[in-house]
Amino acid sequence: MSRQASSRGGRGPSDESIHPYNLFDKHPSQSNDRGQMYEATSNEYHQLRVLDIDVS
């Protein structure tokens, strides 16, 4: 096979709104003497809603 695709086909639903999400811009959801936990939920970041996941 010597032919290669020259471009990707199709666009995803969130292609127009791709931007980074910085967890450290938020206050930690949990904090103690051992560290801090930050969370990103699908309510706050649209790309997570598309994937149906939350991250902490």
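## A nonpolar surface patch

Val 50, Leu 51, Ile 53 and Val 55 make up a nonpolar patch on the surface, and their accessible area together is about 320 Å². Patches consist of residues with over 30% relative accessible area and no salt bridge; like charges are joined within 9 Å, and nonpolar side chains (Val, Leu, Ile, Met, Phe, Trp, Tyr) within 5 Å. Accessible areas come from the Shrake-Rupley method with a 1.4 Å probe, and for residues only the protein chains shown count as cover.

Ile 53, one of the patch residues, lies in the segment after α1 (46-51). Its relative accessible area is 37%, so Ile 53 is partly exposed. Buried means under 20% relative accessible area, exposed means over 50%, and partly exposed lies in between (1.4 Å probe, protein chains only).

## Basis of the model

This is a predicted model, in which local features need pLDDT of at least 70 and side-chain atom pairs count only at pLDDT 80 or more, while totals for chains, interfaces and linings use all residues. Residues are numbered from 1 along each chain as its sequence is written, and side-chain values use heavy atoms, with hydrogens and water left out.

## Overall layout

The protein has one helix and two strands, which follow the pattern β-β-α along the sequence. Helices (H or I, at least four residues) and strands (E, at least two) are DSSP runs, numbered from the N terminus.

Of the 56 residues of the protein, 12% count as buried. The accessible surface of the protein is about 5300 Å², and carbon and sulfur atoms hold 47% of that surface. Among contacts with a separation of 6 or more, 23% are between residues 24 or more positions apart; a contact means heavy atoms within 4.5 Å.

## Asp 52

Asp 52 is also found in the segment after α1. Although Asp 52 is not a glycine, it has a positive phi of about 60°. Its relative accessibility is 69%, so Asp 52 counts as exposed.

## The salt bridge

The count comes to one salt bridge, defined as a side-chain nitrogen of Lys or Arg within 4 Å of a carboxyl oxygen of Asp or Glu. The side chains of Lys 26 and Glu 44 form this bridge, at 3.0 Å from N to O. Lys 26 lies in the segment before β1 (30-32) and Glu 44 in the loop between β2 (35-37) and α1, so the pair ties together parts that are 18 residues apart in sequence.

Lys 26 counts as partly exposed at 26% relative accessibility, and Glu 44 counts as partly exposed at 41%.
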